[in-house]
Amino acid sequence: MASAAYHQASVTLQPRCYFSSSCVNQQNGITSISLIPKGVKLDIALTARGCYSTTVPDPVLSPSSGTSSEAKKKSNEAALILIRHGESMWNEKNLFTGCVDVPLTKKGVEEAIEAGKRISNIPVDMIYTSSLIRAQMTAMLAMTEHRRKKVPIILHDENEQARVWSQIFSKDTKKQCIPVVTAWQLNERMYGELQGLNKQETADRYGTEQVHVWRRSYDTPPPNGESLEMCAERAVAYFKEFIQPQLLSGKNVMIAAHGNSLRSIIMYLDKLTSQEVISLELSTGIPMLYIFKEGRFIRRGSPVAPTEAGVYAYTKSLAQYRQKLDEMFQS
Ligand SMILES: O=C(O)[C@H](O)COP(=O)(O)O
């Protein structure tokens with residue numbers, strides 16, 4: 001499984017037609033999302049309970065004629081964008097980072113902006129990030145490049161007061177927001193006693209082979225840390241429980257996370273074996289695209305540029321979305 005394969009190819013996308021119609025709750029540190037059935041009209045609101053919904057059609061994302069059968073058909077297809085965060089200050093120093101909360105370097109900021117350019121014409125309905133700043137910075141910086149100029153808003157559901165105090169009181173403003181759910185389950189694998197150690201010095205001390213096993217094997221954890229298998233137990237479980245239902249309901253989702261939490265999710269999406277995942281390497285700041293269609297994930301690689309013809313040629317509705325965007329920004 002060559003890592004390069006994850007950075008190429010073209011994309012088939014279904015632009016989504018609705019603002020997020022979901023309710024996001026957090027209890028005991030667990031985020032849960034309950035879907036509001038399509039066709040149920042609700043006032044858009046980021047309420048005290050973190051619920052988003054809308055009656056106001058988005059000028060770009062709304063269907064031109066939204067019959068329920070059409071909506072059903074469309075909900076069979078959704079885009080999933082995965083981005084590993086840009087270079088962090090410990091990536092730069094070649095230190096094991098894991099769950100230590102380290103920000104991006106200037107290069108990492110630039111990588112995130114570049115990633116945003118690549119996906120700037122792809123509609124995004126919901127964003128998931130880990131609870132770590134490097135993933136959150138990446139998601140936010142990428143969205144500064146989005147042509148639609150919707151504002152990513154981090155949901156604060158940690159307690160009732162946080163929910164109440166983060167309410168928005170303008171329907172129009174809410175319509176221009178993208179909910180961002182942060183989840184610790186998407187964090188980098190916990191690197192145990194390697195956190196803060198230099199990768200080269202660790203290889204010199206314990207041997208290149210041992211360090212490679214700690215870094216890339218599926219089931220061997222680093223000392224007192226998480227193996228990829230353990231990381232998958234939380235990251236893939238979160239993906240299945242909370243993100244997949246959003247895709248099923250037709251929403252386009254972006255996930256900004258980490259080398260190993262994303263490796264475990266890609267292992268699930270691409271049905272990789274524990275042998276194949278060993279050679280799966282993810283570059284920082286490269287967006288990867290999947291189409292979720294009829295319950296299957298189809299990998300489409302990464303668009304090389306926002307104008308890449310292949311990205312928009314696959315579905316009629318994406319071409320229409322692109323055309324609407326062009327018209328909107330020309331007028
Ligand atoms: O946590 C880290 O050090 C990196 O984000 C991932 O490191 P790895 O490439 O050693 O898994």
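**From a loop into β9**

Author: Let's start with Lys 271, which sits in the loop between α10 and β9; helices (H or I, at least four residues) and strands (E, at least two) are DSSP runs, numbered from the N terminus. Before going on: this is a predicted model, where local features need pLDDT of at least 70 and side-chain atom pairs count only at pLDDT 80 or more, while totals for chains, interfaces and linings use all residues. Residues are numbered from 1 along each chain as its sequence is written, and side-chain values use heavy atoms, with hydrogens and water left out.

Lys 271 is not a glycine, yet its phi is positive, at about 55°. Most residues other than glycine have a negative phi. Lys 271 is also exposed, with a relative accessible area of 70% (buried is under 20%, exposed over 50%, partly exposed in between, with a 1.4 Å probe and protein chains only).

Now step into β9, residues 287-293. Six of its seven residues are buried, so β9 is largely enclosed by the rest of the structure. On one pairing, β9 runs antiparallel to β4 (residues 77-84), with seven bridges joining them; strands count as paired if DSSP finds at least two bridges between them. Pro 287 in β9 is the bridge partner of Ile 83. Five bridges also join β9 to β10 (residues 296-301), again antiparallel, and there Tyr 290 stands opposite Arg 299 of β10. The β9-β10 hairpin has two residues between its strands, and Glu 294 takes a positive phi near 45° in it.

Asn 224 lies in the loop between α8 and α9, has a positive phi near 55°, and counts as exposed at 59% relative accessibility. Asn 252, in the loop between α9 (228-248) and β8 (253-257), is buried, with a relative accessible area of 1%. The side chain of Asn 252 reaches the backbone nitrogen of Ala 79 at 2.7 Å and the backbone oxygen of Pro 123 at 3.2 Å. Polar contacts here are pairs of N or O atoms within 3.5 Å; within protein, one must be able to donate a hydrogen and the other to accept it, and residues adjacent in sequence count only if both atoms are side-chain atoms.

Next, α8 (residues 208-216), where the buried residues are Val 211, Trp 214 and Arg 216. They cover an arc of only 165° around the axis, which puts them on the same side of α8; the arc is that of the directions from the helix axis to the C-beta atoms. Their cover includes α7 (199-206) and α10 (259-269), counting contacts as heavy atoms within 4.5 Å.

Arg 216 leads us to the ligand: one of its polar side-chain atoms lies 2.7 Å from a ligand oxygen. Tyr 191 does likewise at 2.7 Å, and a side-chain N or O atom of Lys 199 is 3.1 Å from a ligand oxygen. Taken alone the ligand exposes 320 Å², and the protein buries 97% of that (areas by the Shrake-Rupley method with a 1.4 Å probe; for residues, only the protein chains shown count as cover). Other residues around the ligand include Arg 84, Phe 96, Glu 188 and Asn 260, where a heavy atom within 4 Å is what counts.

Zooming out, the chain has twelve helices and ten strands, and buried residues make up 54% of its 331 residues.
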